[in-house]
Amino acid sequence: MDLGTSLRTHACGELRPEHEGAEVALCGWVAHRRDHGGVAFLDLRDRTGFVQVVFHPEQSPEAHAAATGLGGEDVVRVTGRVRHRPDGTVNPNLATGQIEVVGEGVEVLSEAETPPFQAEDHADPDETLRLRYRYLDLRRPEMTRALELRHRAFRIIRRYFDERGFREVETPMLTRSTPEGARDFLVPARQAPGAFYALPQSPQLFKQILMVAGQDRYYQIVRCFRDEALRADRQPEFTQLDGEMSFVDEEDVLGMIEPLMAELVREVHGVEVATPFPRLTYAEAIGRYGTDKPDLRYGDRMPIVDLSAAFAATGFRAFASALQAGGQVRGIRVPWEGEWSRKQMDALEEQVKGRGAAGLVWMRLEEDEVRSPVAKFLSEQELAGVREALGTREGDVAFLVADRPDRVAVALDGLRRDMAARFGWAPAGEWAFLWITEAPLFEWSQEEGKWVSVHHPFTSPASDDLDPATARARAYDLV
């Protein structure tokens, strides 16, 4: 990477032992200044990283005097010579930690006021403050890495699609409203009072026009706008990779996307991901994991099992009433490691209720007894049915939820994720991709009082079944 200009020869973070003896000029921000026994040390930062600059009063008195007057975030130009750090002073946590620059000159390009927060990795300023001083926030190494990550990902995407005959096409930002499931952001048109443009929720219609026009293969890294409630993974404006191909079916699309995802993870994170990715139908995913975006990193631990048959004739009122209302009794087995307490179980029940379910039943399954607040209400046959269906072993904990199927799924999905986090079953740095296929075409919206699209209105039916309660879509999601 050559960042040399008329003002600098190198970037701060690119200096290495092979540069020893080189005369360099560096430009950057003062991250830290330290004084030790009359010697001044500067940690100089730019987007590539940090480098230590040392100023000796007897070698360069003018530069030393200038360095001792510098403050945090001052912008400076430093000249000097690269050398190995003395024995015992190497910093293995720094890419430039084997070398330092012996400063010979300092030029202040811009003095800084005292910053409202430190632009460092360990700093965690309030988000409102970060946004008010966005230019300082973007100096933080964490934010710099985020921008670098996006840049690298976009570069890989563009290279990948270019090699496969796709054309990158920009589509309009000002358009007319389309029924895509969310509310549009509206932009008033000054030259047409009372009229408005809509910002696109996605390039859906435009990319289909491109296919009808014979452009064959299109892609775009595009901004999308949706005036809807915030979610953990969705903002009012976001970036998506959008693409379209002509004369293909689902297998062509899946076969195009899988190598791209594997290449992104390999190039960005250095992790090999096996292809082809596994597939689950929507019904299988909901039935086994309670969600259409399951985390497979913790393997076959805690599959959700339908226990309704075991309690078909139960006298336990909570289960009986749920089943009579058309609900389910489903549960998971957790190989609970270590100590547990009634307080922990009560906290988990509150979490399940917070996700909309009526409650949570837990059972500690010992070799010859079941410890549970509801054990006295259940027959030996029912308890044996739970053991058999869940495949429990001594010391396991069974968690059961009885309610409407959708509430049961949400509650047990959340509980599985809680347990995985508690026991570290999904370590960071591991990847598990999955295709979800055959999603329902519609779902009933209680709020709107009508059938609405599960995916979006542009997904075609998978068969001649057009009953909105049972129809499936030619849809696929990558998890």
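Predicted model: local features only at pLDDT ≥ 70, side-chain atom pairs only at ≥ 80, totals over all residues.
I'll start with the barrel. Five strands close into it, in the order S1-S2-S3-S5-S4, and their pairing is mixed. From one strand to the next, the twist averages 55 degrees. Helix H1, residues 61-68, packs on this sheet, where it touches S1, S2, S3 and S5. The direction of H1 makes about 65 degrees with that of S2.

S2 covers residues 39-46 and S3 covers residues 49-55; they run antiparallel and are joined by seven bridges.

Next, helix H10, residues 380-390. Which of its residues are buried? They are Glu382, Leu383, Gly385, Val386 and Leu390. Looking down the axis of H10, these buried residues fall within an arc of 155 degrees, so they line one face of the helix.

What do the buried residues of H10 pack against? Five strands: S12, S13, S14, S15 and S16. Just after the helix comes Gly391, with a positive phi of about 65 degrees.

Now the cores. The largest nonpolar core has 24 residues, and those with the most contacts inside it are Val334, Trp336, Phe399 and Met419. S13, H9, S16 and H11 each supply at least two of its residues. H11, residues 405-423, gives the largest share, seven residues.

Leaving out residues up to four places away in sequence, Trp336 touches Gln344, Met345, Leu348, Arg364, Gly395, Val397, Phe399, Met419, Arg422 and Phe423. Two of those names, Phe399 and Met419, were also on the list of residues with the most contacts in the core.

Apart from this core lies another, of 23 residues, including Ala153, Met245, Leu264 and Val265. As background, nonpolar side chains in soluble globular proteins tend to be buried together.

Last, the hairpin of S18 and S19. S18 is residues 442-445 and S19 is residues 450-453; they pair in the antiparallel sense over four bridges. Ser445 stands opposite Lys450 in S19. Four residues lie between the strands, and in this hairpin Gly449 takes a positive phi near 70 degrees.

Definitions and conventions
Residues numbered from 1 in each chain as written. Heavy atoms only, no water. Pairing = 2+ DSSP bridges. Axes fitted to C-alpha atoms, helices over the stretch in contact; angles between N-to-C directions. Contact = heavy atoms within 4.5 Å. Buried < 20%, exposed > 50% of the residue type's maximum accessible area, 1.4 Å probe, protein only. Arc of directions from axis to C-beta. Core = buried A, V, L, I, M, F, W, Y, C linked by side-chain atoms within 4.5 Å.
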